[in-house]
Amino acid sequence: MAPKRRLSTGTTTAPVVAFKDLQSKVGSDVTVEGKLMTKSGVMIGKTNATPWAFATLQDEVDGPRVRIRGFYGKATAISEKPLFSTVRIQGAKVELDKESGRAELFVGLACVVSSASRQLDEQCEWDTTEYGPLTDIGEKPETEKLYTVFKADHVSDEVKDGYFRVEASDVESTSRVLQVHESFRNVVVQQGYFVLHRGSCSGTVAPNACVDVAPESYTW
């Protein structure tokens, strides 16, 4: 029999719950770990001006993706975690999405959002997103979403109506101008390569989009 071990005063441990088991944990507080597959910037609620953000996590390559929502300081904590990194969330409440009936996680003020001590297998193909060229801007309806990897060639210092201008190019050397929301100002601060999810084919990158530094394997 293994010896009993006493934890340091004031510390507790909780088992990590697999995403496939969350449906049976509705109403419970759980600890989870998953790869951050997409996220948003910090948005402001229209009715109560509450800052909030969302993200999607995945704990197995072929497993389900789970949506998480955080408010106030937890919104910032979620939005600042690097895309495709492994995140640990302690104390998240399991809820059911009314429309889909799927389990999702509410990240309250008492939760702890941190980088996981172990990274999920980097050799697996986690990201199945189909990234298009910047020619989608202007060629597709403005209501369609833009998923692309771009190089920021020039980032404007000026912010106008909450947006700043980014001169961008893609792997095919297509150039377009993006209007990026100021909530991503701490991400797109200089020239470099970036992943974009849920932009608009008008060239606008709103707070509900995802913009983050691209992994080296995504660059050219």
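A residue is called buried when its relative accessible area is under 20%, exposed when it is over 50%, and partly exposed in between (1.4 Å probe, protein chains only). With that in hand, let us walk through this structure.

This is a predicted model, in which local features need pLDDT of at least 70 and side-chain atom pairs count only at pLDDT 80 or more, while totals for chains, interfaces and linings use all residues. Residues are numbered from 1 along each chain as its sequence is written, and side-chain values use heavy atoms, leaving out hydrogens and water.

**The sheet**

Helices (H or I, at least four residues) and strands (E, at least two) are DSSP runs, numbered from the N terminus. Two strands pair if DSSP finds at least two bridges between them. Strands of a sheet pair through backbone hydrogen bonds, either parallel or antiparallel.

Here, 6 strands make an open sheet with mixed pairing, in the order S12-S10-S9-S8-S11-S13. Strand S12 (204-205) and strand S13 (210-213) are at the edges with a single partner strand each, so one side of each has no neighbour in the sheet.

| Pair | Sense | Bridges | A bridge partner pair |
|---|---|---|---|
| S9 and S10 | antiparallel | 7 bridges | Phe164 and Val180 |
| S11 and S13 | antiparallel | 4 bridges | His197 and Cys210 |

How much of strand S11 is buried? In S11 (residues 192-200), 8 of the 9 residues are buried, so the strand is mostly covered.

**Two loop residues with positive phi**

Ala49 lies in the loop between strand S2 (43-44) and strand S3 (51-58). Its phi is near 55°, a positive value in a residue other than glycine. Ala49 is exposed, at a relative accessible area of 51%.

Ser173 sits in the loop between S9 and S10, and its phi, near 65°, is also a positive value in a residue other than glycine. Ser173 is exposed too, with a relative accessible area of 61%.

**The cysteines**

A disulfide is a covalent bond between the sulfur atoms of two cysteines. Here it is counted as a pair of cysteine sulfur atoms within 2.5 Å.

How many disulfides does a search of the whole structure find? The search finds 0. For Cys210, the closest cysteine sulfur is in Cys201, 16 Å away, which is too far for a bond. Cys210 is buried, at 1% relative accessibility, and Cys111 is buried as well, at 5%.
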